[in-house]
Amino acid sequence: MVKPRTRTRQLVSAGIGLVAAALVVTTTVSANSGPASGTTGKGTLKLVAAADTVQVEAWEGKAYVQPSVWLAAYDAAFEFRASHTAYDEPVKLTKTVIRGKKRTTTTAPASIVDSMKGFKDGLRVTLKNKAGKVILDERRPLCPGGYDRQRVQTDGATGPVYPEFCGGNWFTKGVLYGIERGMAVPAVSDLEFETKGETKLTMTMSISKPVADFLGLSNANRTAKQKLIIVDGCPEGGCEGEGEGEMGIMAAHGADDDQGARTVVPRETLEGGENGRGRLPLGGALGSIKPGKPRKDTLPDLVSLPAWQISTEVDEGGTDRLNFAANEWNAGPAPMVVEGFRRGTSPVMDAYQMFYRDGKQVGVKKTGTMEFHEAPEHNHWHFLDFAKYELVDAKDKVVSTSGKQSWCLAPTDPVDLTVPGATLRPGQTGLESACGEKSALWLRESMPTGWGDTYNQAQTQAFDLSKVKNGTYRIKVTVNPDGNLYERTRSNNVSYRTITIGGKAGARTVKVPPYQGVDTETWWGEEE
């Protein structure tokens with residue numbers, strides 16, 4: 001998880017890692033890289049290496065390996081669903097092999113399931129030096145999905161359909177990931193290690209026997225080896241401060257980077273998939289836009305999740321604050337789309353909610369305004385009155401309110417990608433227009449089905465505790481508080497999280513009991 005800051009716009013995931021290094025692949029292609037077109041007809045997964053030897057750059061004794069070993073799917077698509085019915089219930093993981101219109105589904109043994117993050121200890125990475133000494137022996141979750149996909153069959157899928165990650169946040173209910181027919185995903189995407197002065201190593205990646213058995217990999221197909229040649233990434237010491245700084249900038253900006261309108265181009269559906277799950281929620285030919293109340297099947301369902309990552313601090317002005325993260329998500333079946341159109345030359349846009357059916361716009365309703373937020377870490381357009389954050393007592397009386405009153409909406413966290421109409425790859429829906437430049441005439445903010453938007457409230461956006469006495473309170477999160485947005489129901493728009501505040505001025509404390517068995521006050525992935 002990304003630790004709280006004033007504004008978090010980073011997708012939370014396991015299996016995605018930004019790597020600050022370049023990988024140079026030699027021209028010697030491994031013989032186990034698989035056929036160019038399908039031949040088995042049955043559907044096979046195989047661990048393959050892109051090259052026999054790769055060069056890996058190192059900085060100050062630490063090497064970074066970008067993807068060079070892949071999990072490839074031949075002659076079938078492999079789809080995985082992880083979900084649970086309640087937060088305190090175990091996660092169930094299923095595998096579906098898709099061959100044309102035939103779908104075969106099996107359930108994974110609980111012993112190999114690593115929550116929403118994939119297969120527990122599913123991949124083993126071993127590094128040996130020239131003398132055969134092991135310098136790294138690491139087990140990690142296996143995520144059969146990834147951000148950098150490769151095509152391995154000429155008659156396979158022409159582009160990615162499934163999400164680029166495994167995992168989610170504390171309140172994720174269900175995720176869906178997989179490998180398209182004739183494509184491959186990286187076995188690991190964030191491998192780094194201390195070189196210990198070595199310049200030549202042998203790397204072995206292998207899928208554990210229990211996981212391989214479930215996936216149907218033979219012994220020969222579950223292991224791949226490569227020679228690593230370690231080279232100095234900064235031969236003359238000219239790289240100080242590079243890499244890590246760039247990563248930090250990318251992580252801090254997240255979805256707010258490089259905003260600008262983009263045309264949305266529909267993609268193909270998954271072969272044999274259901275309900276066109278691979279298709280974008282927006283795009284295609286214009287629909288027939290009719291006046292009147294929007295139909296129910298074109299409406300989103302906005303849901304409030306309980307607050308999480310709750311802490312106290314004294315802000316830069318000396319005020320005691322209660323920090324928290326909040327997420328509101330769309331349970332569908334339709335996307336929530338709001339577009340702004342500039343009102344003359346003023347820094348205000350009139351906002352309209354757009355309604356879609358099968359990717360075609362079929363309705364529009366005016367729903368409020370957007371304004372340009374000219375402030376550090378913002379400088380973009382915000383939609384007003386999307387949510388409201390309040391600290392209330394046992395009688396629901398407000399004792400403090402958040403300074404957060406407007407939003408630049410974007411999908412940062414998957415909450416349930418198994419609901420009907422869920423969007424699997426929201427990054428392909430033209431989100432560059434979500435926040436906009438000061439000179440923008442138009443922008444679009446979207447909350448795709450299955451996704452939520454997490455904001456961390458800190459400093460002036462957090463609760464002011466100056467006049468709040470010690471005791472038990474609840475953080476109340478309300479989405480669509482004024483009912484300006486059309487949705488299927490408002491019965492799930494409010495959530496509460498119980499907390500206990502203590503301490504004294506300048507040193508306030510907070511205790512946060514688990515919510516339905518989930519302790520959100522440890523970092524995601526460090527709970528075990």
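In what order do the five strands of the open sheet lie? In this predicted model, the order is E25-E24-E31-E32-E33. The pairing is antiparallel. Strand E25 (398–401) and strand E33 (507–511) form the edges, and each pairs on one side only. Neighbouring strands of the sheet are turned against each other by 35 degrees on average, direction ignored. Strand E32 spans residues 494–504 and is joined to E33 by five bridges. These two strands run antiparallel. Across from Lys 511 in E33 stands Thr 500.

Aromatic contacts were examined next. The structure contains 13 aromatic pairs. One of them is formed by Tyr 87 and Tyr 515, with ring centres 6.4 Å apart. Their planes meet at 55 degrees, so the pair is tilted. Tyr 515, at 24%, is partly exposed.

A second pair consists of Phe 372 and Trp 381. Here the ring centres are 5.6 Å apart. The planes stand at 70 degrees, so this pair is edge-to-face. Phe 372 and Trp 381 are both buried.

Phe 80, Phe 119, Tyr 177 and Phe 214 make up one aromatic cluster. A charge also sits over a ring of this cluster: the charged end of Lys 95 is placed over Phe 214, 5.0 Å from the ring centre. Another such contact involves strand E32, which covers residues 494–504. There, Arg 474 lies over the face of Tyr 496, with a distance of 3.8 Å to the ring centre.

The disulfide count comes to one. This link is formed by Cys 143 and Cys 166, whose sulfur atoms are 2.0 Å apart. The angle about the S-S bond is 85 degrees, and the link is right-handed. Cys 143 is found in the loop between strand E10 (134–142) and strand E11 (150–151). Cys 166 is found in the loop between E11 and strand E12 (174–179). The two cysteines are 23 residues apart. Both Cys 143 and Cys 166 are buried.

Methods
Residues are numbered from 1 along each chain as its sequence is written. This is a predicted model: local features need pLDDT of at least 70, side-chain atom pairs count only at pLDDT 80 or more; totals for chains, interfaces and linings use all residues. Side-chain values use heavy atoms; hydrogens and water are left out. Two strands pair if DSSP finds at least two bridges between them. Helices (H or I, at least four residues) and strands (E, at least two) are DSSP runs, numbered from the N terminus. Axes are lines fitted to C-alpha atoms, for helices over the stretch in contact, and angles run from 0 to 180 degrees between N-to-C directions. Rings of Phe, Tyr and Trp (its six-membered ring) pair if their centres lie within 6.5 Å; planes under 30 degrees apart count as stacked, over 60 as edge-to-face and the rest as tilted. Buried means under 20% relative accessible area, exposed over 50%, partly exposed in between (1.4 Å probe, protein chains only). A charge sits over a ring if NZ of Lys or CZ of Arg is within 6 Å of the ring centre and within 35 degrees of the ring normal. A disulfide is a pair of cysteine sulfur atoms within 2.5 Å.
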